[in-house]
Amino acid sequence: MIGLLLGLAMPVDAADPLAKQLFGSKSAPSRQNPAAFGGYSKGCLAGGVKLPETGATWQAMRLSRNRNWGHPEAIDFIKDLSRAAARQPGWNGIYVGDISQPRGGPMLSGHRSHQIGLDVDVWMLPAQRLNLTRAARENLSSISMRRAKGAFVNQNWTRAHHEIIKAAASDRRVARIFVFPGAKVQMCKDERGNRAWLRKVRPWWGHHYHFHVRLACPRGMRHCADQNPPPRGDGCAEAQQWVNNILNPPPPDPNAPKPRKRREYVLADLPRQCAGVLQSP
Ligand SMILES: [Zn+2]
């Protein structure tokens with residue numbers, strides 16, 4: 001009781017099922033009004049909307065994963081971005097990777113984020129054919145854009161990639177975009193106009209087969225937890241520093257704290273509304 005009053009975490013019973021098992025077993029969205037509860041890496045999604053498997057300018061990939069569900073604002077964003085991409089040479093639209101599970105929440109495999117229907121992975125492979133079969137969408141792979149462990153882009157990178165990521169970052173609904181450091185530095189070098197959008201493009205590990213778009217919490221969404229905004233400025237110096245560290249790794253810090261293994265979440269760890277999201281028909 002004291003723990004409850006002080007807002008401390010409830011003790012976790014070893015028999016409690018993991019949240020990823022509960023959310024990973026739901027094949028349909030909750031019948032509720034759309035809402036994102038909690039944060040990108042600790043939350044759930046009510047009233048998830050399905051990105052149609054195929055549109056005029058997009059296809060959802062890896063349909064067997066059933067992760068083409070999101071908050072309606074994310075679904076609208078994807079459609080808009082796909083139309084912008086279709087105007088780029090060599091692109092007829094985009095291939096969309098994971099968004100969220102039908103009710104969001106932790107996943108049995110893969111991402112830690114993507115839990116509230118506001119994270120979207122977009123393939124770096126230019127979408128040329130938009131009539132891929134289900135089977136082709138399981139078997140086709142994206143292509144990597146990186147060279148030298150992500151310090152630089154490779155020959156697959158084009159100005160169209162720059163323009164599509166710029167279009168995403170310039171969208172007011174978008175909070176952040178994660179991409180490997182060499183791509184950020186390349187865009188910093190190539191951009192001749194307004195650089196404000198570069199602030200949202202953040203270097204991150206991986207993210208050379210796809211870039212990851214994170215939308216801000218939709219307006220008025222009371223129980224959705226935004227991340228702090230990125231630091232001021234275009235972030236180009238930080239990205240260059242990241243590249244420098246790839247090329248010349250600094251010696252390991254003997255005082256660095258040991259990485260702690262995160263405990264897997266149970267339902268009680270998530271916002272309380274997530275129990276209702278699970279129970280809803
Ligand atoms: Zn992602």
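Both H114 and D121 are buried. In this predicted model, these two residues belong to a metal site: the zinc ion is coordinated by H114 through NE2, by D121 through OD and by H212 through ND1, at 2.1 to 2.3 Å. Along the chain, the donor residues of the zinc ion follow the spacing H-x6-D-x90-H.

W123 is placed in strand β8, which covers residues 119–123. The relative accessible area of W123 is 9%, under the 20% limit, and W123 therefore counts as buried. When neighbours within four places in sequence are left aside, the residues in contact with W123 are M61, R62, W91, Y95, G97, L140, S141, S142, Y209 and H210. R31 lies 92 residues from W123 in sequence, and the C-alpha atoms of R31 and W123 are 30 Å apart in space.

The description now turns to the helices. Two packed helices are described by the angle between their axes and the distance between the axes. Helix α6 spans residues 181–190 and helix α7 spans residues 236–247. The axes of α6 and α7 are 9 Å apart, and the two helices pack at an angle of about 135°. The crossing in which α6 passes α7 is left-handed. On the α6 side, the residues that meet α7 are P181, G182, K184, V185 and C188, while α7 contributes C236, A239, Q240, W242, V243 and I246. Sorted by class, this contact of α6 with α7 has eight nonpolar residues, two polar residues and one charged residue.

Burial of α6 was also examined. Seven of the 10 residues of α6 are buried, so α6 is largely enclosed by the rest of the structure. These buried residues are P181, G182, A183, K184, V185, M187 and C188. The elements that cover them include strands β10 (152–153), β11 (174–179) and β12 (201–203), together with helices α5 (159–169) and α7.

Helix α5 has its own set of buried residues, namely A160, H161, H162, I164, I165, A168 and A169. The buried residues of α5 pack against the helices α3 (72–86) and α6, and against the strands β11, β12 and β13 (210–215).

The packing of α3 with α5 is described by an angle of about 145° and by axes that are 10 Å apart. In this pair, α3 passes α5 in a right-handed crossing. F77, L81, A84 and A85 in α3 meet I164, A167 and A168 in α5. The contact of α3 with α5 comprises seven nonpolar residues, with no polar and no charged residues. Of the α5 residues in this contact, I164 and A168 are also listed among the buried residues of α5.

With a relative accessible area of 17%, which is under 20%, Q273 counts as buried. Residues up to four places away in sequence not being counted, Q273 touches F37 and H223.

How values were computed:
Residues are numbered from 1 along each chain as its sequence is written. This is a predicted model: local features need pLDDT of at least 70, side-chain atom pairs count only at pLDDT 80 or more; totals for chains, interfaces and linings use all residues. Side-chain values use heavy atoms; hydrogens and water are left out. Donors are N, O and S atoms within 2.8 Å of the metal (3.2 Å for Na, K and Ca); water is not among the atoms, so sites may look incomplete. Buried means under 20% relative accessible area, exposed over 50%, partly exposed in between (1.4 Å probe, protein chains only). Helices (H or I, at least four residues) and strands (E, at least two) are DSSP runs, numbered from the N terminus. Contact means heavy atoms within 4.5 Å. Axes are lines fitted to C-alpha atoms, for helices over the stretch in contact, and angles run from 0 to 180 degrees between N-to-C directions. A crossing is left-handed if the near helix is turned anticlockwise from the far one by less than a right angle, and right-handed if clockwise. Ala, Val, Leu, Ile, Met, Phe, Trp, Tyr, Cys and Pro count as nonpolar, Asp, Glu, Lys and Arg as charged, and the others, Gly among them, as polar.
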